[in-house]
Amino acid sequence: MEVTMLVTSCDKKDCPTLYKTDRGTLLVQGETPTDHGLRIPAHENLVEIPLELIRRAIRDDLI
């Protein structure tokens, strides 16, 4: 899989980030919330990112 960073919320590598893949999908880096109360299948995860990250990606025509 080829991965390209689209937008991040800081200059470090440990911040919420959106990536584009050569598969036509997005990868999301962010915090793993534990207080959501949802039942998520074992093969899936939830990731929490700031809304501003999505807004920037759309505004900058990255997605």
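Q: Is glutamate 52, at 37% relative accessibility, buried, exposed or partly exposed?
A: The relative accessibility of glutamate 52 is 37%, and the classes are buried (under 20% relative accessible area), exposed (over 50%) and partly exposed in between, using a 1.4 Å probe and protein chains only. This is a predicted model, in which local features need pLDDT of at least 70 and side-chain atom pairs count only at pLDDT 80 or more, whereas totals for chains, interfaces and linings use all residues. Residues are numbered from 1 along each chain as its sequence is written, and side-chain values use heavy atoms, with hydrogens and water left out. Glutamate 52 therefore counts as partly exposed.

Q: Which residues are linked with Glu52 in a network of salt bridges?
A: A salt bridge here is a side-chain nitrogen of Lys or Arg within 4 Å of a carboxyl oxygen of Asp or Glu, and the whole structure holds 2 of them. Arginine 59 pairs with glutamate 52, the closest N and O atoms being 3.5 Å apart, and also with aspartate 60, where that separation is 3.7 Å. The residues that join Glu52 in the network are Arg59 and Asp60.

Q: What is the relative accessible area of arginine 59?
A: Aspartate 60, a salt-bridge partner of arginine 59, is partly exposed at 41% relative accessibility. Arginine 59 itself is exposed, because its relative accessible area is 55%.

Q: How many Å apart in space are glycine 30 and threonine 8, C-alpha to C-alpha?
A: Glycine 30 sits in the loop between strand E3 (26-29) and helix H1 (51-59), and its relative accessible area of 30% makes it partly exposed. Beyond four places away in sequence, glycine 30 touches Pro16, Val47, Glu48 and Ile49, and Pro16 is also among the contacts of threonine 8. Although glycine 30 and threonine 8 are 22 residues apart in sequence, their C-alpha to C-alpha separation in space is 10 Å.

Key:
Contact = heavy atoms within 4.5 Å. Helix = DSSP H or I, 4+ residues; strand = E, 2+ residues; numbered from the N terminus.
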